[in-house]
Amino acid sequence: MGSSTWCILLPLLLCSLANSGTTALEHRASLKSFDGLRAECSQYLPASGNAPEDCSDRCVGMVGYFWNDTIGRSSNSIARFYQPDPCDQDYINRTLTCMCDTVLPLPRRPGCQRATQTLQCYRDQFGQLINQVPLYVPYKKLQGFLTLGQCAQMLQIPGERFVQIMDEGYDKSADGQCLMRCFLIRSGLYSDCGGPDIKRFSLQCEGYGPEYEQSVANCYAELKKQQLDSCTLATRMLYECVQANEYSTNAITIAIPFVTVDFDFSSFWPTFPPIMVP
């Protein structure tokens with residue numbers, strides 16, 4: 001087999017492996033089952049006899065990134081842990097009614113009772129709990145920043161340039177675009193072969209419904225036609241298909257507040273955890 005043939009087949013083979021469920025690299029993406037969330041919270045919280053009230057459901061919601069403690073309500077992403085009956089056409093209305101009747105009257109803080117009753121409504125009205133399947137958990141701001149910092153290390157971007165890229169925008173330079181591509185891949189949100197993981201973006205950016213997903217898919221398909229390089233394609237996908245999406249209620253967050261102020265990166269830069277690429 002000639003070398004030219006290998007040049008064609010090797011990328012196809014790599015894409016096939018990347019899309020295989022058994023060999024796909026999740027990089028730094030966090031996948032947790034509902035049972036795993038409960039087990040994790042059992043390690044954080046004090047024994048039931050030593051706590052004033054049971055806050056395990058609130059902990060599960062916070063670790064699973066579907067409980068908003070500020071407003072004392074769950075986000076729509078809680079639904080990914082439940083499987084509705086395909087013949088049931090009224091499960092959403094029943095769940096909302098249950099929450100209006102039993103959750104809203106409860107005190108907002110500390111939120112433990114509200115979280116428990118919310119999960120009860122979903123168990124009783126929404127569908128069957130998917131308790132053992134690991135599902136994507138959106139990353140928090142600090143986790144995103146650490147992932148971005150690791151990518152900067154791998155791409156050998158100095159600390160001062162790193163701050164400059166974040167200040168000017170990732171789409172303004174070649175190294176900024178490649179930094180963004182690395183971040184999206186490491187976060188499990190994107191791959192060169194498969195493009196954006198729209199379901200995960202929907203959870204991360206709180207964009208829900210078929211309109212959001214179809215909008216991202218159509219936008220990315222148009223970008224693919226332009227034969228862009230991999231870094232430009234990934235970055236424009238984020239800016240044009242995700243960030244500017246009219247059906248999303250929340251933009252993706254990467255940086256954390258202290259990077260926008262006068263900060264000495266000379267001491268901070270080497271403190272990132274060791275890079276272990278899967």
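The buried residues of helix α5 are covered by elements that include α2 (34-44), α3 (56-63), β2 (67-68), β3 (73-74), β4 (82-83) and α4 (91-102). The model is predicted. Its chain holds 12 helices and eight strands, and 40% of its 278 residues count as buried.

**Helix α5**
- Helix α5 comprises the 15 residues 112-126.
- At 1.5 Å a residue, α5 should span 21 Å; its end C-alpha atoms lie 20 Å apart, which agrees with that expectation.
- The buried residues in α5 are Cys112, Arg114, Ala115, Thr118, Leu119, Cys121, Tyr122 and Phe126.

**Chain as a whole**
- Among contacts in the chain with a separation of 6 or more, 68% join residues 24 or more positions apart.
- The chain exposes about 15,200 Å², of which carbon and sulfur atoms supply 55%.

**Residues with positive phi**
- Most residues other than glycine have a negative phi.
- Tyr65 has a phi near 65 degrees, a positive value in a residue other than glycine.
- Gln227 is located in the loop between α10 (210-224) and α11 (230-243).
- Gln227 has a relative accessibility of 69% and therefore counts as exposed, the cut-off being over 50%.

Conventions: Residues numbered from 1 in each chain as written. Predicted model: local features only at pLDDT ≥ 70, side-chain atom pairs only at ≥ 80, totals over all residues. Heavy atoms only, no water. Helix = DSSP H or I, 4+ residues; strand = E, 2+ residues; numbered from the N terminus. Buried < 20%, exposed > 50% of the residue type's maximum accessible area, 1.4 Å probe, protein only. Contact = heavy atoms within 4.5 Å. Areas by Shrake-Rupley, 256 points an atom, 1.4 Å probe, with all protein chains shown as cover. Expected span 1.5 Å × (residues − 1).
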